[in-house]
Amino acid sequence: MKIQDIQAIQLLLATPKKIVIIPHRGPDGDAMGSTLGLYHFLIKNNHQATVIAPNDFPNFLAWLPGSETVKIFEKETEICTQILEEAEIIFTLDFNAFHRTGEMEHTLAKLKATFIMIDHHQKPDDYATYTYSDTSYGSTCEMVYNFITFLNKKEDIDKTIATCIYTGILTDSGSFRFPGTTGNTHRIIAELIDLGVENTQIPVLLFDNSSFSRLQLLGRALQNMKILENHKTSYTTLTQEELDSFNYVKGDTEGIVNYGLSIKDIVFTAIFIENKDEGIIKISFRSQGGFDVNQFARDHFNGGGHSNAAGGRSEVSMQETVNKFEDLVKKLKL
């Protein structure tokens, strides 16, 4: 981050401010960990801070400290809009374009507050006054740790803040397996553990707390998996009917896409999830090695993300979407 930007932000935060912190729509562990970690830091420094999420977050993140204070824009639109309009500073974390906030997009575009972006995705928009954007990082939480350090406030990172940051690094790194995980990532993790983070308990809360219906849904997704062996690709599907039959709740499909990469010789995988309310097929892509799913998603499925993890969407039927995907894959050299 530029030294002049750091100095300007230090000056901004030198006196108490009304601040809003926003994650992207469909917030994951990194989005919630980074926003809540920054929230606790700002509260500790006497600011009036509020986290406003575009929509609700999964139940498996509800244990995060401060999650009960998060306001949900789609549930409390009027009061959230008022808080946003009164904000002096708005932090946008783990996204870099207003459209990633869904219904909040038009409200954000009208605001006069000072925007500060902290994000690790490609091709950021230019809405922010101050931008800390770096695709080399595996998580926004790691960048929030750096951001606090840049402000010469590292001593403010306590167990509560560390727990939030640890959670985002753990989830967005694929439990430290993804390419963005560096030696410095592990050094930060070591410091967070030294601050009291319960590193043996957090994975249990995140990954080993499933309902029986979620495990059944996972089983169906695995049953639906198809292998394009000659193209080193796998994919699976979940229809709205299947989601409903297994009592789907938000977060139940989290991580299912990764199973497709656990198959020998597979380097590209996807999951297609039907959402009839929104009239779309939601898509997650994963890869290993040099294949860039971010570019693939941008080029063909109105999406984007990281080189090895991206998302997209389709507005045609499940069958048409899958047919298009197979046709595209057969033209790839993997």
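Buried means under 20% relative accessible area, exposed means over 50%, and partly exposed lies in between (1.4 Å probe, protein chains only). The views below show a predicted model, in which local features need pLDDT of at least 70, side-chain atom pairs count only at pLDDT 80 or more, and totals for chains, interfaces and linings use all residues. Residues are numbered from 1 along each chain as its sequence is written, and side-chain values use heavy atoms, with hydrogens and water left out.

**View A. Gln 240 in helix H10.** Gln 240 lies in helix H10 (residues 240-245). Helices (H or I, at least four residues) are DSSP runs, numbered from the N terminus. Gln 240 counts as buried because its relative accessibility is 16%. Its side chain reaches the backbone nitrogen of Lys 276 at 3.0 Å. Leaving aside neighbours within four places in sequence, Gln 240 is in contact (heavy atoms within 4.5 Å) with Glu 274, Asn 275 and Lys 276.

**View B. Helix H2 against helix H5.** H2 (residues 29-44) and H5 (residues 140-150) pack at about 20 degrees, their axes 8 Å apart. Axes are lines fitted to C-alpha atoms, for helices over the stretch in contact, and angles run from 0 to 180 degrees between N-to-C directions. H2 and H5 are therefore roughly parallel; angles under 35 degrees count as such, and those over 145 as roughly antiparallel. Their crossing is right-handed. A crossing is right-handed if the near helix is turned clockwise from the far one by less than a right angle, and left-handed if anticlockwise. H2 contributes Asp 30, Gly 33, Ser 34, Leu 38 and Phe 41; H5 contributes Thr 140, Cys 141, Val 144, Phe 147 and Ile 148. Six of these contact residues are nonpolar, three polar and one charged. Ala, Val, Leu, Ile, Met, Phe, Trp, Tyr, Cys and Pro count as nonpolar, Asp, Glu, Lys and Arg as charged, and the others, Gly among them, as polar.

**View C. Helix H2 against helix H6.** The axes of H2 and H6 come within 8 Å and cross at roughly 160 degrees. The two helices are therefore roughly antiparallel. H2 passes H6 in a left-handed crossing. Among the contact residues are Gly 29, Gly 33 and Gly 37 of H2, and Cys 164 and Gly 168 of H6. By class, this contact has five nonpolar, seven polar and two charged residues.

**View D. Helix H6 against helix H7.** H6 (residues 159-172) and H7 (residues 183-194) pack at about 145 degrees, with axes 10 Å apart. The crossing is left-handed. Ala 162, Ile 165, Tyr 166 and Ile 169 of H6 meet Thr 185, Ile 188, Ile 189, Leu 192 and Ile 193 of H7. Eight of these residues are nonpolar, one is polar and none is charged.

Note on methods
Angles under 35 degrees count as roughly parallel, over 145 as roughly antiparallel, 65 to 115 as roughly perpendicular and the rest as oblique. A polar contact is a pair of N or O atoms within 3.5 Å; within protein, one must be able to donate a hydrogen and the other to accept it, and residues adjacent in sequence count only if both atoms are side-chain atoms.
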